[in-house]
Amino acid sequence: MANIFDYINWRGDLSLRESEFNEIDNLILARFSYFPFDNILKEDEVITIEEAGKRFKTLDIEKERILQKEDIDLFPIMAGSNRFSNMKISNYINKISPEEEKQFSAITIFMPDDTIYISFRGTDNTLIGWKEDFNMSFREKVPSQLDAVEYVNKIASKYTNKLRIGGHSKGGNLAVYAASFCEKEIQERIINVYNNDGPGFHETITIDPNYKRIIPKVHTLIPQTSIIGRLLYHEESYTVVQSTEKRCYAT
């Protein structure tokens, strides 16, 4: 079965001006937030994905936290493709707080169609990340969700572009939460929200008017074997994607 590597090999020569943004591009940019940017990109620095790929090649991979081993190959493929290489990235943040039981990471991607994609990382391989996942199962909100709202408000206040917001697993949950509870004027600038196999919310969130207002813009995609993406309460419709991949069930 084809995967995102096949997609880049097939459509990687086409810019967004030649072939408009689609749900697979979303999936790739959601995955992008898992890349090891700590020693590549400073928070306020703006560089192209091509430049980030060059810096990645200089790293000692053995000393980097590679969350998904395929990313060692995916990073340079993205950096070498016409579709992704000229996209610019900035505002990388990666915060782990044992005291708050918080694991939060995000990156902003400037795209050639003059839009911004905000990508929220899902759970990394830290104990704190797992603990926050557990907290999501019974708390109305967790620290990363509040940080996600703050992040979207900050980015939208710095730039006037229209926004796409997405993430994978817990990152998908953060994307929906941030889009729901960011400032109303910012919410109106959001084109789409992408929840890639992310869990839902406490029932009190799903009846909130802010959440209900963003639902028409939410695109939820889940594999046919999804467990995490079916947890908690969802109000949005979803698309089931056939997949042969198996995942470790952290969010």
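Helix α7 passes helix α8 in a right-handed crossing, where right-handed means that the near helix is turned clockwise from the far one by less than a right angle, and left-handed that it is turned anticlockwise. The model is predicted, and local features need pLDDT of at least 70, side-chain atom pairs count only at pLDDT 80 or more, and totals for chains, interfaces and linings use all residues. Residues are numbered from 1 along each chain as its sequence is written, and side-chain values use heavy atoms, with hydrogens and water left out. Helices (H or I, at least four residues) and strands (E, at least two) are DSSP runs, numbered from the N terminus.

**Helices α7 and α8**

- Helix α7 covers residues 143–158 and helix α8 residues 170–181; they pack at an angle of about 55°, with axes 8 Å apart.
- Axes are lines fitted to C-alpha atoms, for helices over the stretch in contact, and angles run from 0 to 180 degrees between N-to-C directions.
- α7 and α8 are therefore oblique to each other; angles under 35 degrees count as roughly parallel, over 145 as roughly antiparallel, 65 to 115 as roughly perpendicular and the rest as oblique.
- S144, Q145, L146, A148, V149 and V152 of α7 make the contact with K170, N173, L174, Y177, A178 and F181 of α8 (contact means heavy atoms within 4.5 Å).
- This contact of α7 with α8 has eight nonpolar, three polar and one charged residues; Ala, Val, Leu, Ile, Met, Phe, Trp, Tyr, Cys and Pro count as nonpolar, Asp, Glu, Lys and Arg as charged, and the others, Gly among them, as polar.

**Helices α2 and α4**

- Helix α2 (residues 23–32) packs with helix α4 (residues 71–79) at an angle of about 120°, and their axes are 11 Å apart.
- The two helices, α2 and α4, are therefore oblique to each other, and their crossing is left-handed.
- On the α2 side I28, L29, R31 and F32 meet D71, L74, F75 and M78 of α4.
- The residues of the contact of α2 with α4 are six nonpolar, no polar and two charged.

**Residue Y7**

- Y7 lies in helix α1 (residues 4–11) and is buried, with a relative accessible area of 6% (buried means under 20%, exposed over 50%, partly exposed in between, with a 1.4 Å probe and protein chains only).
- Not counting residues up to four places away in sequence, Y7 touches G12, N22, I24, D25, I28 and R83.
- Y7 and D25 are 18 residues apart in sequence, and their C-alpha atoms are 9.0 Å apart in space.

**Residue S90**

- S90 is in strand β2 (residues 88–97) and counts as buried at 1% relative accessibility.
- Leaving aside neighbours within four places in sequence, S90 is in contact with residues including L41, E43, I107 and Y151.
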